[in-house]
Amino acid sequence: MEWEVVIGLETHTQLKTNTKIFSGASIKYGAEPNTQADEVSIALPGVLPVLNKQAVECAIKFGLAINAEIAPRSVFSRKNYFYPDLPKGYQISQFELPVVGKGAVTIQVPANGKNAAYEKVINITRAHLEEDAGKSLHGAVEGMSGIDLNRAGTPLLEIVTEPDMRSAAEAVAYAKKLHELVQWIDICDGNMQEGSFRCDVNVSVRPKGQEKFGTRREIKNLNSFKFMTQAIEYETRWQIETLEDGGTIQQATVLFNPDTGETRAMRSKEEANDYRYFPDPDLLPLEVTAADKARVQATMPELPQAMKTRFEADYGLSAYDAAALTASRDIADFFTATVNAGAEAKPVANWVMGAVSAKLNAEDRTIHDSPIAPAQLAQLLKRVADNTISNNAAKQVFEIMWISDKSSAESDVDAIIAAKGLKQESDSGAIEAIIDEVLVANQAMVEEFKAGKEKAFNALIGQAMKASKGKANPAQVNEILKKKLTAN
Amino acid sequence: MALNITDIKRIAHLARLEISEQEANQTLTKLTGILGLIEQMQAVDTTGITPMSHSQDVVQRLREDIVTKTNQREEFQANAPVLGNGSTEKATDNGLYLVPKVIE
């Protein structure tokens, strides 16, 4: 039987605020245990939550970015359960009326084997504001668990999709797109190691063609794209094998073990899913007016999709190039800064996606800490455009700049060209003289060319370049040589 | 909706409340009375009325995102429960609150 996998994601993004969602305690990562756990975080009796304006604005930004309905009035609810890292006995979340409603994200699924790359729209069901729980640490004291409530109350936006994805590749493409988007609009730092962006993945399988969904299992807390792929692939295989062996799937929450590459059901908590949500009487309804939306809209950067369209229209870039350059805000900013510094867009696009990204990948760095600044790259490309240096020489200059301090005089493009003697010969008289010598010295090749051997032409070019020690402008050499050979 | 004694025990368990048979029966009577009141209210025609999520018809005021809380760990942990089992020591360790081991 042919099976189809159905995937939906719930992503917890930690919002970029200074303070907690309901109190003025810092959310800075890495502080000593409980030094950022104020009376609200530890739930002392009598304390009241006061909603953080910045967290609300982050949610509005996200709603605008995915073209979603933003609720004029949304409500905070209590999700009741007992766990030591949740001292109130309930998590404040949103249930019936979330701040962000239906929206959509367009993903690019990369080519894979015989499958070509394609785009797909993933529908967003909702996004709601909620507070994070604390952390439980085990093993420090025998028979006890340690509780750190620094993270309790950290603002989260939980983003929920429709079950629209049909492969691990689509799920990962969505997660990556969302990861870039929340950083692009600056509502989340995207740091997956520190848990700022965590995904829960719902996976079910059904016979291909069947309309009814299968029973789903939820893989909790995936914080790397690699693990996400492995976990979904393992879980899908496991579900298909279970069904083919005549078994059934029980709805469950599962954890992925990166060491074994397997998923395993968590001890099913008795009645765990009866959260008895009800509106939190400590919080009034959240109102978002048209004026609030307009104010936030004014702070929004150009979105990747709009920027992509503009790059295609303004710079004549291909859809592929424009998509690659808008894959992250850092890349887009680097490209734009280089073009604004006076370089032509197409060569900049080629260099950013070629030499620059190859170097960054090889050294496992991001463009944000590229050793070459946009102004330097622009200067380099201007020297190619005005024929001062050849493309080959530009690559040499690039290599030197890459390993020099970008603020030092040694990293100056013109200084490197002068120091290394890379200036190309563009004086046509000088080039003609070189070519004349080459023609005299290589009569045999000239004869071959005249006899119809096209290859001899390239050989002569090679000789001329060699004679000029690689400094002759190749385009001019080509042109002058052609003229001389056909004139004879 | 009629409640029975099993519902009462389940609700108590979810709220981690230990109740005796007698208390369970008393609670059943009280809750059934409250549900009766709600049934009466539900008979009122509320067509066209927006449900309220709060008794006051006002909206949430927002707080500026500025750190106003300082570290008060020592004061808070001075009020932490004691370890128990004969020990009068506070159930804290290197800044952490200690609880019976959480098994996952």
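Because the model is predicted, local features need pLDDT of at least 70 and side-chain atom pairs count only at pLDDT 80 or more, whereas totals for chains, interfaces and linings use all residues, and side-chain values use heavy atoms, with hydrogens and water left out.

Select residues 329–340 of chain A, which form helix 7, and residues 345–362 of chain A, which form helix 8; helices (H or I, at least four residues) and strands (E, at least two) are DSSP runs, numbered from the N terminus. The two axes come within 10 Å and cross at roughly 140 degrees, where axes are lines fitted to C-alpha atoms, for helices over the stretch in contact, and angles run from 0 to 180 degrees between N-to-C directions. Helix 7 of chain A and helix 8 of chain A are therefore oblique to each other, given that angles under 35 degrees count as roughly parallel, over 145 as roughly antiparallel, 65 to 115 as roughly perpendicular and the rest as oblique. Now show the side chains in the contact (heavy atoms within 4.5 Å): helix 7 of chain A contributes A:Ile331, A:Phe334, A:Phe335, A:Thr338 and A:Val339, and helix 8 of chain A contributes A:Ala345, A:Val348, A:Ala349 and A:Val352.

**Helices 8 and 10**

Next select helix 10 of chain A, residues 391–403, which packs with helix 8 of chain A at an angle of about 40 degrees, the axes being 12 Å apart. This pair too is oblique. From helix 8 of chain A, A:Trp351, A:Ala355, A:Val356, A:Lys359 and A:Leu360 meet residues of helix 10 of chain A, including A:Phe398, A:Glu399 and A:Trp402.

**A salt bridge within chain A**

Move to A:Glu131 and A:Lys88, which form a salt bridge with the closest N and O atoms 2.6 Å apart; the term means a side-chain nitrogen of Lys or Arg within 4 Å of a carboxyl oxygen of Asp or Glu. A:Glu131 lies in strand 6 (residues 118–131) of chain A and A:Lys88 in the loop between strand 3 (76–80) and strand 4 (90–94) of chain A, so the pair ties together parts that are 43 residues apart in sequence. Over all chains, the structure holds 29 salt bridges.

**The interface with chain B**

Finally, display both chains: 55 residues of chain A are in contact with 40 residues of chain B. Three salt bridges are found across this interface. To end the tour, select B:Glu64 and A:Lys53, whose side chains meet in a salt bridge (3.4 Å, N to O).

How values were computed
Residues are numbered from 1 along each chain as its sequence is written. Chains are lettered from A and ligands numbered from 1 in the order in which they are written.
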